[in-house]
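Hi,

Here is the model I said I'd pass on.

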Amino acid sequence: MSFTVEERGNLNSPSYRLFFKNAENKYISPFHDIPMFADESQNIFHMVVEVPRWTNAKMEIATKDLLNPIKQDVKKGNLRYVANVFPHKGYIWNYGAIPQTWENPAHTDADTGCCGDNDPIDVCEIGTKVCSRGDVIKVKVLGILAMIDEGETDWKVIAINVEDPEAKALNNIADVQHLKPGLLEATVSWFRKYKVPDEKPENKFAFNDEFKDKDFAIEVIKSTHNFWKDLISKVDNVGGLNCKNTSVSTGGSANCCTAEDANAAVNQTCPCGKEEPIPSSVDKWFYV
């Protein structure tokens, strides 16, 4: 399967949107229309890259917008950039989500004691290549971290692009510890502290801050896929999410998005324009 993207609006501005298309050049939702599995027999998953490594803009799948394009998060009227907490610069991995998953805010997780965060499950891709925003890559899952963010369960899957030169040598979380020493500790530190410069408390983790292995991670992902299947079958939009899609729901479903509706949604956005400058304050280092 192949996917392309189309930029609309101005990068680094509230108007920016990144829409997805399938191999037939038809608009799709990266949340609902891209299959979770790239190869189910090998437990290879699709990952939608929202934030390339070493960048700061908090880009994410717009779960409440029609077609769920990627856009930059806005807090208190301002575009959101992740702070640089020393010694890190931006995100320290390619960051994104596994499509057709959903962390259910009505479900209390038995391991964390907290409900889901109402988003697709997050992925940290630890390979060599710096991906581009909107890349849809195939990843091998290695483990998972159970983060608790302001009282919500926010799983972080650790994975590697199957095309990465190191992919064959990395098959579980213990391999990451052995072959990439310091990365897992840096990952916990990054997630613990990244909101502190915004005057938020440090995040906490289940399992004494330890990563769970590949098998555990795959079971968590599959459970979020089951929650997504329940979500997509509902008539009402749960949690304000936009569940319209072009390939999963049938023609008679309220969640079926026709090609005409998809084209109209894209045409309502601004044409691709000039990139806006990133504020110089984004380069500041914070010492926590």
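**Notes on the model**

Y287 lies in the segment after β17 (285–286); helices (H or I, at least four residues) and strands (E, at least two) here are DSSP runs, numbered from the N terminus. This is a predicted model, so I required pLDDT of at least 70 for local features and 80 or more for side-chain atom pairs, while totals for chains, interfaces and linings use all residues. Residues are numbered from 1 along each chain as its sequence is written, and side-chain values use heavy atoms, with hydrogens and water left out.

Back to Y287: its relative accessibility is 60%, so it counts as exposed. For the cut-offs, buried is under 20% relative accessible area, exposed is over 50%, and partly exposed is in between (1.4 Å probe, protein chains only). Together with F86 and W285, Y287 forms a nonpolar patch on the surface, with about 370 Å² of accessible area for the three. Patch members have over 30% relative accessible area and no salt bridge; like charges are joined within 9 Å and nonpolar side chains (Val, Leu, Ile, Met, Phe, Trp, Tyr) within 5 Å. A salt bridge is a side-chain nitrogen of Lys or Arg within 4 Å of a carboxyl oxygen of Asp or Glu. Areas come from the Shrake-Rupley method with a 1.4 Å probe, and for residues only the protein chains shown count as cover.

Now for β14, residues 136–149. Of its 14 residues, 12 are buried. Which strands does β14 pair with in the antiparallel sense? There is β5 (residues 44–51), over five bridges, with V48 partnered by V136. There is β15, over 10 bridges, and there is β16, over two, where M147 has F205 as its partner. Pairing means that DSSP finds at least two bridges between the strands. β14 and β15 also form a hairpin with two residues between them, and E150 in the turn has a positive phi of about 50°.

D149 counts as buried because its relative accessible area is 9%. The side chains of D149 and K195 make a polar contact at 2.9 Å (a pair of N or O atoms within 3.5 Å; within protein, one must be able to donate a hydrogen and the other to accept it, and residues adjacent in sequence count only if both atoms are side-chain atoms). Leaving out residues up to four places away in sequence, D149 touches D154, Y194, K195 and N203, where contact means heavy atoms within 4.5 Å.

Helix α2 (residues 183–193) has L183, L184, A186, T187, V188, W190 and F191 as its buried residues. What do they pack against? The list is β11 (94–97), β13 (122–125), β14, β15 (152–161), α1 (173–179) and β16 (204–205). F191 is buried because its relative accessibility is 1%. Among the residues that F191 touches are Y95, C124, M147 and F205. F191 and Y91 are 100 residues apart in sequence, yet 9.9 Å apart in space, C-alpha to C-alpha.

As for β11, both faces are covered, with N94 and G96 buried on one side and Y95 and A97 on the other. β11 pairs antiparallel with β5 over three bridges and with β13 over four. Y95 stands opposite V51 and has C124 as its bridge partner in β13.

Cheers
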